[in-house]
Amino acid sequence: MKSRLNRTLRCKSTRELHDAPTFNAASGLTWIFDLDNTLHNASHAFFPAINANMNAYMARLLGINDQLADADTVNAARLAYWKKYGATLLGLVRHHQVNQAEFLREAHQFDDFSSMLRFESGLKRLFSRLPGRKILLTNAPRHYSRQVLRQLGLHRYFFRHISIESMRVHGHLRPKPARCLYRKILAQQKLTAQRCVLIEDTRDNLRTAKQTGIKTVWVTQYLKDNSMRTRGSFIDVKVRSIKQLPENLSRLSR
C-alpha cells in the first residue's frame with residue numbers, strides 16, 4: 001500500500017513538473033524586428049517599385065528647368081545618399097530641402113499591394129510562440145509598414161511600431177543605422193541593451209546596434225548578392241530565415 005502511494009506521488013510530481021510553467025530566459029528578451037527583407041521579401045516587387053517611384057521623383061527634383069535629370073544622375077544620387085545616410089530620404093532632406101511626408105507618400109504608391117507581397121508561411125505561429133516582447137523598427141513609412149504587418153497578420157504581436165517618421169533625435173531625422181537612434185529607443189522603452197535582439201538583413205544596421213550592446217541576428221534569405229553573405233564579428237547569429245530563431249534561443253538568451 002505504501003509502495004503504491006509513493007509511486008502515485010512520484011507520478012503526480014512528474015506530471016506537475018511537466019505541466020507547470022517553467023522559467024524561460026528568452027521570455028525576458030525584447031525582439032527588435034526590421035520589416036523589409038526580414039519579415040517579407042521586399043526585393044521581389046516592393047523594392048523595384050519603390051526605386052522606380054524614387055527615381056521618378058528625383059528626376060523631377062534634380063532636373064534643370066523642365067528637363068528631367070537622366071537615369072545615371074538619379075541612380076548615382078539615390079545610391080550615394082542611401083550609403084552615406086542609411087536612407088535616401090535623409091540625403092534629399094539635407095541637400096535638397098525635400099518635404100519628408102510628400103517624398104514618402106510618392107515613393108510608396110503601389111498599384112496592387114497584395115499581389116506584390118511575398119512571405120513565408122507559418123509566421124503567425126512563430127510569433128505566437130516566440131517568448132518576449134516584439135518591436136518593429138523600420139526605415140519605411142508608417143502607412144506602408146502598417147499595411148504590410150496587417151497583410152502578414154503580425155500587427156497584434158508588436159507592442160511598439162517605430163517607423164521612419166518617429167526616428168528623430170534632438171529634432172533631427174536619424175534613421176538606422178544611427179547609433180543615437182538605438183540609444184534613444186533603449187532609453188525611451190527602458191530596455192537593457194544586452195536583453196535586446198535586433199533581427200535585420202542590413203549589415204550596417206546590425207553593426208551599429210552591436211556597438212550599443214544589442215545582440216544581433218542577420219537574416220540572409222532575401223539577399224540577392226551572395227558576396228554580401230560573409231558573417232562579421234558584429235553578428236551574433238546568422239540565419240537564413242526568421243523561422244530559425246527558436247533554435248537559437250539559448251545562444252541569444254545568455
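Author: A nonpolar core is a set of buried Ala, Val, Leu, Ile, Met, Phe, Trp, Tyr and Cys residues joined through side-chain atoms within 4.5 Å. Buried means under 20% relative accessible area, exposed over 50%, and partly exposed in between, with a 1.4 Å probe and protein chains only. The model is predicted: local features need pLDDT of at least 70, side-chain atom pairs count only at pLDDT 80 or more, and totals for chains, interfaces and linings use all residues. Residues are numbered from 1 along each chain as its sequence is written, and side-chain values use heavy atoms, with hydrogens and water left out.

Reader: How many residues has the largest nonpolar core?

Author: The largest nonpolar core has 77 residues, and those with the most contacts inside it include Trp31, Phe33 and Phe103. Helix H2 (residues 46-62) gives the most to this core, with seven residues. Helices (H or I, at least four residues) and strands (E, at least two) are DSSP runs, numbered from the N terminus.

Reader: What is Phe103 in contact with, leaving aside its neighbours within four places in sequence?

Author: With those neighbours set aside, Phe103 is in contact (heavy atoms within 4.5 Å) with Met54, Tyr57, Leu89, Leu92 and Val98.

Reader: Turning to the sheet, in which order do the strands run?

Author: The order is S3-S2-S1-S6-S7-S8, an open sheet of six strands with parallel pairing. Two strands pair if DSSP finds at least two bridges between them. Strands S3 (160-162) and S8 (237-239) are the edges, each pairing on one side only.

Reader: How many bridges join S2 and S3?

Author: Strand S2 (residues 133-137) pairs with S3 over three bridges, in the parallel sense. Ile135 has Arg160 in S3 as its bridge partner.

Reader: And how do H3 and H4 cross?

Author: The axes of helix H3 (residues 71-85) and helix H4 (residues 88-96) come within 7 Å and cross at roughly 105°. Axes are lines fitted to C-alpha atoms, for helices over the stretch in contact, and angles run from 0 to 180 degrees between N-to-C directions. H3 and H4 are therefore roughly perpendicular (65 to 115 degrees; under 35 is roughly parallel, over 145 roughly antiparallel, the rest oblique). Among the residues that meet there are Tyr81 and Trp82 in H3 and Leu92 and His95 in H4.

Reader: Lastly, how many disulfides are there?

Author: A search of the whole structure finds zero disulfides, a disulfide being a pair of cysteine sulfur atoms within 2.5 Å.

Reader: Is Cys196 buried or exposed?

Author: Cys196 counts as buried because its relative accessibility is 1%. Cys180, at 21%, counts as partly exposed.
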